[in-house]
Amino acid sequence: MKLQPQIGAEGSAQWLARVATHSLIDEVRLSPKPGLVDSRGNGAHHDLTLALMERSAHSLSPTFHALALQSWQRPADIALRQLVGRLGREGEVQMMAATGGVNTHRGAIWALGLLVAAAAMHGCEGSSSQIAASAAKLASLPDSSAPKVFSKGLRATRRYQVPGAREEAQLGFPHIMNLALPQLRRSRQNGATEQQARLDALMAIMTSLSDTCVLSRAGLEGLETMQNGARSVLVAGGTATVEGRAALAWLDKAMLALNASPGGAADLLAATLLIDRIACDDASVTPLPQHSHF
Ligand SMILES: CC(C)(COP(=O)(O)OP(=O)(O)OC[C@H]1O[C@@H](n2cnc3c(N)ncnc32)[C@H](O)[C@@H]1O)[C@@H](O)C(=O)NCCC(=O)NCCS
Ligand SMILES: Nc1ncnc2c1ncn2[C@@H]1O[C@H](COP(=O)(O)OP(=O)(O)OP(=O)(O)O)[C@@H](O)[C@H]1O
């Protein structure tokens, strides 16, 4: 059972914002992640550091708070979609101001922003399926004020004819709901440490995501290396096993050699940790944030 007290719109918005920020920080600190920024270093990134990612995560708390407050017990309609879109874009501006113009969390604002809004729509009493379904509904509604930018992600989805961040949300986050969340809970149940369970959940996402970050930097070769390598880790028994950890170390080297970084998978892991903590699922084991310095 989740440990959130009944505290109304404002208290719940504060709680959701804290948990969302915390999930981003847990994601970035989790190590060893192939190609990504983690506690060991910058992975395949030249413009990202752990400190920058953490600063960025903290800068997003007011955005998550506003998203939750404005979405509190509201239905998914065009008015809410446009409001959520505006708040998300303002969040991107906050992020860019905090990082000096570096894109640290664009995909994460999208995924976690929608999920925070959806959790608030359900008054913080929704199951993971209900939260994902409402986030999907919001993501599927048109946002007439969205600027027509041709992003790197969009270019990759067109070039390789694959779904990207938008479609993942519109489909109800299948990589979270069908792969990462079940894997996270299964690995915990099987006795993995929390770190190992989170790494296994990341691997589960990486086995099948068409991550446009990887495609943009390393093409189909990068994507296949990521998917096959992640599968090898799980087939070996996951990161709780010596063989699984060896497969992960191989994948880390292979991703670095290709300059590939699964940023989309990292976003979805952070979103998985968020849902695990905020959803009213019987199966959920939802430790509240442990870090005392927040
Ligand atoms: C939808 C977004 C992510 C833009 O996506 P797009 O594919 O055009 O571009 P971009 O390359 O800038 O970002 C994609 C990011 O998504 C992540 N990602 C990549 N692949 C995937 C995938 N298959 N699934 C999920 N996330 C992915 C990565 O972090 C990547 O950096 C978003 O920035 C956006 O348009 N927001 C509008 C504001 C809004 O409506 N917000 C509402 C919620 S707060
Ligand atoms: N731990 C992490 N390490 C790296 N990226 C992450 C991490 N967690 C999430 N991400 C996501 O990955 C994306 C950054 O990827 P990438 O660097 O490929 O984007 P970019 O700035 O658009 O591209 P480039 O750096 O190639 O110009 C961010 O949008 C962010 O959401």
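Predicted model: local features only at pLDDT ≥ 70, side-chain atom pairs only at ≥ 80, totals over all residues.
Axes here are lines fitted to C-alpha atoms, for helices over the stretch in contact, and angles run from 0 to 180 degrees between N-to-C directions. On that basis, α5 and α13 pack at an angle of about 20 degrees, with 8 Å between their axes.

**Packing around α5**

Angles under 35 degrees count as roughly parallel, and α5 and α13 are therefore roughly parallel to each other. Their crossing is right-handed. On the α5 side the contact involves G107, A108, A111, L112, L115 and A119, which meet G263, G264, D267, L268, A270, A271, L274, I275 and I278 of α13. By class, this contact has 11 nonpolar, 3 polar and 1 charged residues.

Helix α5 (residues 106–121) also packs with helix α3 (residues 61–71): the two axes come within 7 Å and cross at roughly 35 degrees. This crossing, too, is right-handed. From α3, the residues T63, F64, L67, A68 and S71 meet I109, L112, G113, V116, A117, A120 and M121 in α5. The contact of α3 with α5 comprises 9 nonpolar, 3 polar and no charged residues.

**The α9 and α10 pair**

α9 packs with helix α10 (residues 194–206) at an angle of about 150 degrees, and their axes lie 8 Å apart. Because angles over 145 degrees count as roughly antiparallel, α9 and α10 are assigned to that class. The handedness of the crossing is right-handed. In α9, the residues H175, L179, A180, Q183, L184, S187 and R188 meet Q196, A197, R198, D200, A201, A204 and I205 in α10. Here the division is 7 nonpolar, 4 polar and 3 charged residues.

| Helix pair | Angle | Axes |
|---|---|---|
| α3 and α5 | roughly 35 degrees | within 7 Å |
| α5 and α13 | about 20 degrees | 8 Å apart |
| α9 and α10 | about 150 degrees | 8 Å apart |

**A loop residue, F173**

F173 is found in the loop between α8 and α9 (174–189). A residue is buried if 20 or more other C-beta atoms lie within 10 Å of its own; F173 has 27 such neighbours and therefore counts as buried. Not counting residues up to four places away in sequence, F173 touches A132, A135, E168 and A271. One of these, A271, also belongs to the α13 side of the contact with α5. L115, an α5 residue in that contact, is 58 residues from F173 in sequence and 9.8 Å away in space, C-alpha to C-alpha.

**Ligand surroundings**

There are 29 residues around ligand 1, of which G88, G107, G113, G153 and G264 come nearest. The elements that give two or more residues to this shell are α4 (78–99), α5, α7 (152–160), α8 (165–170), α11 (212–235) and α13 (263–278). α5 gives the most, with 6 residues. The shell around ligand 1 divides into 10 nonpolar, 11 polar and 8 charged residues.

Around ligand 2 there are 20 residues, and L36, V37, G107, G263 and A266 come nearest. At least two residues of this shell are supplied by each of α1 (8–29), α5, α11 and α13. The shell around ligand 2 holds 8 nonpolar, 6 polar and 6 charged residues.

Notes. Residues numbered from 1 in each chain as written. Chains lettered and ligands numbered in written order. Helix = DSSP H or I, 4+ residues; strand = E, 2+ residues; numbered from the N terminus. Left-handed = near helix turned anticlockwise from the far one by under 90°. Contact = placed C-beta atoms within 7 Å. Nonpolar A, V, L, I, M, F, W, Y, C, P; charged D, E, K, R; others polar. Near = placed C-beta within 6 Å. Parallel < 35°, antiparallel > 145°, perpendicular 65-115°, else oblique. Buried ≥ 20, exposed ≤ 12 C-beta atoms within 10 Å, placed from the backbone.
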